[in-house]
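Please have a look at the sequence and the fold before I go on.

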Amino acid sequence: MAANHALLPGTRRDFSALARRPPPNLFVIPSAMHPIALKRREVLRLFGAAALTASTRRLTSAEASPVAPATPPKPMLTRPIPATGEQLPVIGLGTWQTFDVDADEASRAPLSAVLREFAALGGKLLDSSPMYGRSEEVAGDLMAAHGLREKLFVATKVWINGRAAGIEQMNASLQKLRARPIDLMQVHNLVDTATHLDTLRGWKRDGLVRYLGVTHYTASGAEAVAKLIEREAVDFIQINYSVGERDAEQRLLPLARERGVAVIANRPFAGGELLRSLRAKPLPTFAAELGCTSWAQLLLKFVIAHPAMTVAIPATSKVEHLRDNVAAGTGRLPDETLRTRIAAAAVG
Ligand SMILES: NC(=O)c1ccc[n+]([C@@H]2O[C@H](COP(=O)([O-])OP(=O)(O)OC[C@H]3O[C@@H](n4cnc5c(N)ncnc54)[C@H](OP(=O)(O)O)[C@@H]3O)[C@@H](O)[C@H]2O)c1
């Protein structure tokens, strides 16, 4: 079985020293309004008329927690999936750790809020894996509870050895996510890739999966994924990419572009380390030129402005962070000069 997402020595830069800097947070994001302040027509607009019964039952906290931003959001930028031309908004949502929570309402309410706000702001790609504990089940339950399946582009993974075990695991994922067909099935960390891609080609012909792909999250993984797309046809690759982890730029990203493969960037904040390291650092003045009000937005704009990139999938358990991240998918993107300046300001 391949390693999980823990840091492997020598595979990425170590941000732990930077992370020890003092923590004051320099960006200010509007907090969610209290649910009691919601007017009936706002609730109807947010959750759809079906969310309220004629008797106007009391909303549970899980239903009432998220609210619309004060100003109407700008539409997110989109990128085509090269295989079909289908458009995907450039900011997606990861679920590693964040969605691995208990079934009780208190644990799930923040994620319910995140998922509904993500869909309300035009987000589509939701990424999970059987490796992420209860994440698939939580995402599936919340999508079902709020009628979000049709609005989202649901991606998960297969992470096991053997054809029969792979089929069993993928069927379990489709059931947990209540997504049949599933939009994207990825071979997680290249575990038994040839076997699962063979199964998935059959699944695609049978209409059980719309797109197939492979994932990794390390520098060595980038080279292995590059070798794979030289010989195999896949619709998507998912790889780590951020200002702190740029190995994919060398060969993999140009190759993906040349081969017409969609690219999902995982770990756009290097698992959160980048943002922790930047807490005490003022935003560079050029952030205003890009309409960015936080480091998170600058880091995400750096990622999605790469010409090979299709979607970045930051994970968050907080609505205010979700809004911050989605804002990066709107407005102006940096050119190569500004991308260089972002990287220099963040990790130079
Ligand atoms: N091999 C693979 O296939 C693979 C490997 C790694 C990751 N992935 C996928 O990629 C996704 C993203 O990677 P990741 O979760 O490792 O790391 P990440 O997205 O780089 O960072 C997530 C961390 O950043 C924090 N965060 C998010 N938005 C923020 C904001 N606006 N301001 C401040 N903090 C913010 C989150 O905390 P809060 O909850 O406090 O916001 C969380 O701790 C995963 O969830 C998973 O779906 C796949």
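For what follows, two strands are taken to pair if DSSP finds at least two bridges between them. Please keep in mind throughout that this is a predicted model.

Let me begin with strand 5, residues 153-158, which runs parallel to strand 6 and is joined to it by four bridges; one of the residues involved is Val158, whose bridge partner in strand 6 is Val187. The two strands, together with helix 6, residues 163-177, form a β-α-β unit that is right-handed.

On to strand 7, residues 209-215, which is also parallel to strand 6, with five bridges between them, and here Leu184 has Tyr211 of strand 7 as its bridge partner. Strand 6, helix 7 (residues 193-205) and strand 7 again make a right-handed β-α-β unit.

So what of strand 6 itself, residues 182-187: how many of its six residues are buried? Six of the six are, and strand 6 is therefore largely enclosed by the rest of the structure.

In soluble globular proteins, nonpolar side chains tend to be buried together. Here the largest nonpolar core has 95 residues, and those with the most contacts inside it are Ile237, Ile239, Val263, Ala265, Leu299, Val303 and Ala312. Its largest share, eight residues, is contributed by helix 11, residues 295-304. Taking Val303 as an example, and leaving aside residues up to four places away in sequence, its contacts are Tyr241, Ser242, Ala265, Pro268, Met309 and Ala312.

How values were computed. Residues numbered from 1 in each chain as written. Predicted model: local features only at pLDDT ≥ 70, side-chain atom pairs only at ≥ 80, totals over all residues. Core = buried A, V, L, I, M, F, W, Y, C linked by C-beta atoms within 7 Å. Buried ≥ 20, exposed ≤ 12 C-beta atoms within 10 Å, placed from the backbone. Contact = placed C-beta atoms within 7 Å. Right-handed = clockwise from strand over helix to strand, strands pointing away.
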